[in-house]
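Trainee: I'm new to this one and would like a close look at a single part of it. Could you pick a spot, walk me through it slowly, and then link it to the rest?

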Amino acid sequence: MTACGTGEGFGAVTWWGFSPAMDFQAKGLTASMEALSSKEDSVPELNVLMVGAGDSRHLLTTISRTHRWPRRKINFYIVENNLELIGRHLLFLTIALEPPEQMGLQEKCELLLELFGNSLIRNQTATYLQEKANLFIHYITDLDFLHKKLPMIDMSGLKFKERDQLEAIFKFWRNPDQKIFQINRMWDMRNRQYLGNRYDSKIGVYDWDLHMKLYERGARVINNRQYYQWRDKGLAFEVREGLYDVPNKSLASGLLMNYKGEKVPARGYWGDIVTSPYIAFGIETEEQSFLKTANGVHVKTAQDISQYNITALLHELVAKEKYALPTEKATLSEITEEEGETENDSSNIKNESTHTHQHPEIVTEEGTVKQSNDLDDTDSSGGHCAAEYDYLPLPDVKIHFLPMNCVTELHKKNNYCERFNVIYFSCSMLHHLKPELRQIAAPRATLIVELTKFMLDLRKELMTKFVSRAMEMAKEAGFMPFGNIDDEKDLFARFELKDGPYL
């Protein structure tokens, strides 16, 4: 128990992470990258094991920035403790891989942010979720169809029971009845339970958590009005004026509750109500102009930075080049609207001489580069990759979904022996870091552990204890720390697999 209630504000389901998005090729140690093995085609393979990432921030960031590094084939292996999280991975990947001629950059960004961090979404966003839920049911019940449409995604590793449960989750998503998931009431119930007798002075609690915890830990860019609104209603991203009144069913999950001495399954919102989804994309950016301050106050907000980062990520995924602001004075909404209009308005396509920089390029599997405006003129039965697969191709990427909580069993399978070059553990899944991890780690592998810097309910002594425990568990698995680890300042701890006994 804490002074403000139950002390469980981070919830039981990690809908979003407690650390900013990272590129695994940048965070992986140089020794790990140099030790990559290659097959017949001599292209090195990077195998990444993600344990409990919760959202797709690391996955999408790493994929979108592959062009910045020497060519490598990247295999992601994803383990979660909740099937709804796998469903959201599939949802975010689907949005990111929508071809430009079917969905503009601005629409992609708004869709992803809404579904990622909002308890309530707009009607058109809910319609998109329902339509995709129907498609996902087809995917999960027909893996051949999934391979044809999204060949970069492999769900064959899931158990039959888990695939059946995923089908039930997608059927819940497509149900248009809003009354079956009244997230407004559920959010308020969680707030009342968390705050206890301080619920009547909740604005003061929000203010304390923002200024004395988030700001003190480095997230000063989070705007107080936006944070208070999210804490009160669960609305983090209102990037477009409109009515946000439809429950976001992708945030629903089941939990076993004690009722009269028995365990009873209950569907509700069991995620974070304290830290906020701004941490994932909203507190760090490569565009330094978004971090400027005036009179000690940040000019941009975490919502602005999140919108820019997602826009840059989605642009980079298509164009294979870094996103740059066209002018210093242009606002982000003007930029995304301009790009969205360029991608969708056929009247602008002819004016290539003045708008060439606005047309993202698509790299096909054959290695040819095609402007998105050329794809608009292509017949749907043509031979382009976007037409064949309905989504942007990722020829050097494969994403494998593994059974829930299976990390401690992977060493029993020969195909995972000494396989993973980069291994990532979220702070909520550290208990799965066992000595057997060494058997599935490739030579000179990198272990990355998310720290508890932005788990606001934890006091400093508990944060220090977490780091000590992480170091002990890593040592037992044969990993040694890479550099010094500051339990109050660092977002991640990195470890290197050591040859021979580590004493």
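**A proline in a loop, and what lies beyond**

Mentor: Let's start with Pro-435, which sits in the loop between β14 and α19 (437-440). Before going further, keep in mind that this is a predicted model, where local features need pLDDT of at least 70 and side-chain atom pairs count only at pLDDT 80 or more, while totals for chains, interfaces and linings use all residues. Residues are numbered from 1 along each chain as its sequence is written, and side-chain values use heavy atoms, with hydrogens and water left out. The element names come from DSSP runs, numbered from the N terminus: helices are H or I with at least four residues, and strands are E with at least two.

Back to our proline. Pro-435 has a relative accessible area of 40%, so it counts as partly exposed (buried is under 20% relative accessible area, exposed is over 50%, and partly exposed is in between, with a 1.4 Å probe and protein chains only). Which residues does Pro-435 touch, not counting those up to four places away in sequence? They are Glu-476 and Ala-477, where contact means heavy atoms within 4.5 Å. Pro-435 also pairs up with Phe-479: they are 44 residues apart in sequence, yet their C-alpha atoms are 9.7 Å apart in space.

From there, hop to Glu-488, in the loop between β16 (479-481) and β17 (492-497). Glu-488 is partly exposed too, because its relative accessibility is 38%. If you skip its neighbours within four places in sequence, Glu-488 is in contact with Lys-453, Lys-460 and Met-463.

Asn-405 lies between β13 (397-401) and β14 (420-425). Its phi is near 50°, a positive value in a residue other than glycine. Asn-405 is partly exposed, with a relative accessible area of 33%. Lys-320 has a positive phi as well, near 60°, and is not a glycine either. You'll find Lys-320 in the loop between α13 (302-319) and α14 (332-344), and at 27% relative accessibility it counts as partly exposed.

Two cysteines are worth a glance here. Cys-417 is partly exposed at 48% relative accessible area, whereas Cys-427 is buried at 9%. How many disulfides are there? Taking a disulfide as a pair of cysteine sulfur atoms within 2.5 Å, the count comes to zero.

Ala-266 has 25% relative accessibility and so is partly exposed. Beyond four places in sequence, it touches Ser-253, Gly-254, Leu-255 and Met-257. Ser-253 is 13 residues away in sequence and 8.2 Å away from C-alpha to C-alpha.

Helices next. Glu-167 is in α8 (residues 160-174), and it is buried because its relative accessible area is 19%. Leaving aside neighbours within four places, Glu-167 is in contact with Ile-137, Ile-140 and Thr-141.

Then there's a helix pair. Two packed helices are described by the angle between their axes and the distance between the axes. For α9 (residues 183-195) and α10 (residues 202-214), the axes come within 12 Å and cross at roughly 75°, which means α9 is roughly perpendicular to α10. The axes are lines fitted to C-alpha atoms, for helices over the stretch in contact, with angles from 0 to 180 degrees between N-to-C directions; under 35 degrees is roughly parallel, over 145 roughly antiparallel, 65 to 115 roughly perpendicular and the rest oblique. From α9, Asn-191, Tyr-194 and Leu-195 make the contact, and from α10, Lys-202, Val-205, Tyr-206 and Asp-209 do. Those residues divide into four nonpolar, one polar and two charged (Ala, Val, Leu, Ile, Met, Phe, Trp, Tyr, Cys and Pro are nonpolar, Asp, Glu, Lys and Arg charged, and the others, Gly among them, polar).

Finally, zoom out. The protein chain has 20 helices and 17 strands, and 54% of its 503 residues are buried. Of the contacts with a separation of 6 or more, 75% come from residues 24 or more positions apart.
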